[in-house]
Amino acid sequence: MCGIVGYIGKEQASKIILDGLAKLEYRGYDSAGMAIYDGEKINITKSVGRLKVLDELTHGGETMPGTVGIGHTRWATHGVPNDVNSHPHFNTAETITVVHNGIIENYIPLKNKLIKKGYKFISETDTEVIAQLLDYYYKGNPMEAITKVLHRVEGSYAFGIMFAEFPDRIFAVRKGSPLIVGKSETGAFIASDVPAILKYTRNVYFVDEQEVACLKEDEIRFYTVDEEEIEKEPVHIDWDANAAEKGGYEHFMLKEMYEQPKTVRDTLSPRIKGHEINIEELNMTDEELRGIKKIHIVACGSAYHTGVTGKYVIEGLARVPVEVDVASEFRYRNPVLEEGAMVIVISQSGETADTLAALRESRERGFKVLGIVNVVGSSIAREADNVMYTWAGPEISVATTKAYSAQLIALYLLAIKMAEVKGKVTGEEVGNMIEDLRKLPDQIELLLNNKERIQRFANRYIGAKDIFFIGRGIDFSISLEGSLKLKEISYVHSEAYAAGELKHGTISLIEEGTLVAAVSTQKELYQKTISNMVEVKSRGAFLLAVTNEGNYDIEKAADYIIYIPETNKFFTNSLAIIPLQLFAYYVAVGKGCDVDKPRNLAKSVTVE
Ligand code: AGP
């Protein structure tokens with residue numbers, strides 16, 4: 001989604017903005033631009049294409065002098081990606097400029113009204129309406145104009161705004177789209193996400209819904225939409241600044257895959273005390289946990305896939321029924337939430353619009369929501385009743401890997417805890433599971449070290465048109481993620497199927513040489529999956545199998561086998577997903593795809 005960076009201070013703004021926007025490239029975008037006040041007027045340079053085009057146009061920012069500015073990377077929603085539709089946008093007099101992340105839902109009626117009043121529009125965007133509406137309300141007081149606009153617009157937004165008549169300040173506003181502001185010795189910043197300004201400051205303020213921040217070189221003030229001042233404390237971000245750098249790896253995705261052992265350890269260790277699981281953040285007594293009659297897990301994309309695994313693990317261990325929903329469906333299907341139900345939303349970014357809406361819907365209906373979230377201070381983290389953080393650190397690659405692995409750990413811990421308080425497992429069983437969880441980081445590392453073998457195999461499938469992933473039970477949920485990883489970064493069409501369902505239609509797509517990746521880690525389903533493998537093999541498929549060490553008779557059915565180390569049957573996803581991530585990565589690299597920033601995708605999907 002769009003990225004916003006702004007700066008006001010002593011330094012050259014354009015350089016800081018370009019640098020910050022580069023840190024937000026992972027969010028996905030198709031054009032970039034910036035507006036800088038040069039001492040007399042505001043100048044805008046913007047262009048469709050990668051940030052390097054803007055960098056070249058401005059000679060690395062040199063041609064845009066000034067110490068106040070706002071910049072933007074645009075992910076097109078209203079209007080095709082082109083120079084005119086790129087942000088920032090001006091009012092006609094070029095005295096007010098705006099960058100925007102989100103969607104203005106009522107921009108058409110607003111635009112029509114402004115046209116009737118004589119305003120002319122040059123772009124197809126909803127954002128230009130904001131610049132013109134600000135112009136309409138501006139009578140010499142920027143704050144008054146901004147709050148009037150906020151009372152009129154509907155939708156989700158984060159704005160960065162500058163007025164040529166007030167070059168000593170920039171404004172930041174948000175509702176439903178992420179925005180932070182920060183302060184350093186030399187100035188003040190606005191940004192869509194922490195990595196953009198981490199190099200300059202670690203003291204950030206999370207702008208709340210419908211708050212207006214007014215930034216000057218040496219102070220930041222916050223106001224409500226009714227212009228009442230609000231006191232706010234900064235949050236100290238202790239992320240390692242290098243965490244948002246590639247650190248010698250070719251891609252963020254590879255680096256993040258390699259960070260998985262640490263991520264798993266970091267998510268696990270604070271919640272394990274000796275032989276006990278202690279999830280303080282749940283804020284629930286054992287009695288309350290015992291009272292949970294049903295769990296609803298709601299999420300999108302890969303986070304939804306961890307939810308599917310969570311269903312198998314929680315139901316398997318704690319015997320509590322779990323329903324898993326894609327957030328965009330949950331929010332509109334009027335789900336039946338009964339007394340005793342608990343809602344869990346899962347999100348890396350903590351900003352996914354549909355997941356956030358599902359959270360709000362559940363809370364409005366009186367249900368407590370637990371957020372499993374990676375980004376500290378994100379909207380979901382702030383709005384959920386309780387938050388279980390996944391300690392994965394900043395994840396930059398659009399394709400999630402380490403946050404996915406951390407989400408699995410959070411769900412395992414929750415499942416074991418619930419099973420324990422419900423008396424479904426003995427103390428000894430809990431101890432054994434903890435032992436198995438503790439072994440996961442080293443086992444993941446072992447699988448990562450096998451990357452050359454997977455790379456060689458992946459190279460054979462660079463030209464593949466279709467690849468299928470099959471599995472049963474937990475293995476099906478692993479297949480869902482293996483398939484998504486492949487298609488999102490390598491653009492190879494792929495489908496994941498419950499292995500037993502294949503013969504009800506999809507098997508007709510299997511041709512001579514079609515690659516079918518079969519995941520088979522569940523002992524009780526092993527023979528069943530082998531039968532499904534044989535079914536596709538006899539129709540010409542080439543079989544890749546991911547299975548447990550010791551399952552050597554799989555060689556009868558599979559053409560290529562990846563063995564994963566021994567672990568508890570409920571935790572196999574954490575291991576089996578590693579070769580599938582590597583496979584997707586190397587197919588994408590082999591095809592020369594932009595691995596970290598796949599086409600059409602955004603890291604955090606802040607629009608519906
Ligand atoms: C996965 O690789 C994705 N790019 C995507 O499916 C992602 O998991 C989804 O958009 C949810 O994001 P969130 O975890 O930030 O809510």
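Q: What makes Cys2, Arg74 and Trp75 lining residues of the second largest cavity?

A: Cys2, Arg74, Trp75, Thr77, His78, His87, His100, Gly102, Thr125, Asp126 and Thr127 line the second largest cavity, because lining residues have an atom within 4 Å of a point of the cavity, a set of points on a 1 Å grid over the protein atoms alone where a 1.4 Å probe fits but cannot get out. The model is predicted: local features need pLDDT of at least 70 and side-chain atom pairs pLDDT 80 or more, while totals for chains, interfaces and linings use all residues. Residues are numbered from 1 along each chain, and side-chain values use heavy atoms, without hydrogens and water.

Q: How is the lining of the second largest cavity divided by class?

A: This lining has two nonpolar, seven polar and two charged residues. Ala, Val, Leu, Ile, Met, Phe, Trp, Tyr, Cys and Pro count as nonpolar, Asp, Glu, Lys and Arg as charged, and the others, Gly among them, as polar.

Q: What is the volume of the second largest cavity?

A: The volume is about 60 Å³, taken as the space filled by probe spheres set on the points, which are joined across faces, edges and corners.

Q: Why is Val149 called buried?

A: Val149 has 2% relative accessibility. Buried means under 20% relative accessible area (1.4 Å probe, protein chains only), and Val149 therefore counts as buried.

Q: Which residues does Val149 touch, not counting residues up to four places away in sequence?

A: Val149 touches Ile130, Leu133, Leu134 and Tyr137, where contact means heavy atoms within 4.5 Å.

Definitions and conventions: Buried means under 20% relative accessible area, exposed over 50%, partly exposed in between (1.4 Å probe, protein chains only). On a 1 Å grid over the protein atoms alone, a cavity is a set of points where a 1.4 Å probe fits but cannot get out, and a pocket is an open set with protein on both sides within 12 Å along at least five of seven lines; lining residues have an atom within 4 Å of a point.
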